[in-house]
Amino acid sequence: MDYDVIVIGAGHNALVTSAYLAQAGYRIAVFERRDIVGGAVSTKEIIPGYQFDLGGSAHILIRLTPIVEELGLERYGLEYLDLDPLFFAPFPDGDSFFIYRDLDQTVEHLDAKFPGQGVAYRRFIEDWRDFARTTRDAFLTAPSPFELGKKAVFGGGPKRPWAQALRSIIRPYGDVVAEYFSEPKVQAPLVWMAAQSGPPPTEPLTGPFVLWQPLYHEGGIARPRGGSGMLTQALKRHVEAHGGDVFHSAPVEEILVEDKRAVGVRVQGQTYTARAVVSGTHAIETFSRLLPEAHRPEGSRYMRVGNGFGAILRLALDAPIQYTAHPGDEARVALQLICRSPKQVLSAYGEFLQGRPSSDPPIVAMSFSAVDDSLAPPGGEVLWLWAQYFPYELADGAQWDDIGPMVAETILNAFEAYAPGTKDKIVGQLFQHPLWLERELGLYRGNVMHLEMSLDQMFMLRPFSGMARYRAHLKGLYLTGASTHPGGGIMGASGRNAARALLKDLDRKRL
Ligand SMILES: Cc1cc2nc3c(=O)[nH]c(=O)nc-3n(C[C@H](O)[C@H](O)[C@H](O)COP(=O)(O)OP(=O)(O)OC[C@H]3O[C@@H](n4cnc5c(N)ncnc54)[C@H](O)[C@@H]3O)c2cc1C
């Protein structure tokens, strides 16, 4: 036996699993296809002097978990920088507002701008705080009807009576926001933030995407110093410090199966064996490419990947951005939610349904050089513009390689209207459209969450029924990553939950 556990892929979830196992004394090997670890949490110097994240940037969910402390990741070079204000919302008429980490400060600020909306915001946060905490706890355990039932009964629920609350939970998040806030300018950034999980504001059963809002005031939003990829670099160092091997440029070609048991992997023609194999890749990769055909489960045919939904323009600038609505640096620190109204999100989604890139996309602008001077040369700025909605498969035979530059220009023009002069500051750029995300990061059809984040593919149903508790259908085969509960985003909860399942099984055998 070459190793105790072989891990396929070095996305952050797979590395979290590896780190817990290595810390428990198991001998681990991680095989990563790309030339760096991290998957959708990695950072590279794409333009000389400028550090570009290649995937997720805003670290929100992982701050609500005990992972960083349990693994002692600060000792391996991880340093989190907190953002405050959390969100900045500018509008074309020159108006703007902030959401701060501190609830009282936010309420006061909102009420001064839009009388009554601060009070409404407090009510919204207080109504849903306990429910949001319970949801977070459910994310940190393997999903089962029993666990969910227990949490619903004994965990904190909504402040309102369940009968009333249930209506909000099963409603589209756009309706929930409209119920609490009368001012469209306050509705817009809340709806736009919730839309970033994928489903549109009109989709039933999506209320929880916005009911998560109270937790922004608890865990905050943070950035690893040096770039998002410093999280996965710290995890790699942790695994290696505990005797593990982390190989990059090492694509796994096949999961080896003997007597209905996963016994190892083949990497570039060479065979490696282990007591257990964990796949942290996209579930399509695991079930439709890596497993021999005879061992592919029926249910894997029904996974829904969707048609992409977002694209991101990364810019290297020689000077900081400046908003007309708020020229101060406070705006550069926050996540900048550029969305006029919920209707703008819906119009963009309408074009997406027709297979067309949005002509007027809502944008999240991020300029993390405002808090981290290691990302750009002195005086420079990195600016990311995440925008929606952009289909992977385009209408009328259009191809991303042809239309990419034009779409990037649309996103840039939309931003320029809020921060004039940005175009003149550009010294380099990278446009990551849905096809780019598939080709470079292995995110099938450009879905950054791996699989669609809709109720039919959440909790016990992710990636599909019967495969949801991190143990796959073959003995010795385990799953982790955004294709499993609780889904996409930089959280590491799937990685931690998978490690717990493995540790239970391995420790039992050790005894
Ligand atoms: C552009 C973009 C912006 C985002 N923004 C945010 C954000 O701001 N905040 C947030 O919370 N989330 C964000 N996300 C989502 C989040 O980053 C991802 O959902 C999450 O990082 C997925 O992590 P993972 O470990 O589950 O899987 P992945 O990161 O997809 O890791 C899978 C790994 O497996 C490797 N692999 C695949 N096949 C093989 C093989 N055959 N052999 C070996 N290795 C293989 C891949 O190369 C990859 O490294 C964003 C994602 C993208 C792409």
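Domain bounds here come from an automatic or database domain assignment. For this protein chain the assignment gives domain 1 (3-39 + 227-304 + 451-510), domain 2 (102-219) and domain 3 (306-445). The model is predicted: local features need pLDDT of at least 70, side-chain atom pairs count only at pLDDT 80 or more, and totals for chains, interfaces and linings use all residues. Residues are numbered from 1 along each chain as its sequence is written.

**Domains**
- The centres of domain 1 and domain 2, taken over C-alpha atoms, are separated by 32 Å.
- Contact (C-beta atoms, placed from the backbone, within 7 Å) links 15 residues of domain 1 with 13 residues of domain 2.
- The side of domain 1 that touches domain 2 has 10 nonpolar, three polar and two charged residues; Ala, Val, Leu, Ile, Met, Phe, Trp, Tyr, Cys and Pro count as nonpolar, Asp, Glu, Lys and Arg as charged, and the others, Gly among them, as polar.

**Ligand shell**
- Around the ligand are 39 residues, a residue being near if its C-beta atom, placed from the backbone, lies within 6 Å.
- Gly9, Gly11, Gly39, Gly56 and Gly488 come nearest to the ligand.
- The shell around the ligand divides into 20 nonpolar, 15 polar and four charged residues.
- Domain 1 and domain 3 both give residues to this shell, so the ligand lies between them.
- Helices α1 (12-23), α12 (283-290) and α16 (434-441) each supply at least two shell residues, helices being DSSP runs (H or I, at least four residues) numbered from the N terminus.
- The largest share, three residues, comes from α1.

Terms used
Contact = placed C-beta atoms within 7 Å.
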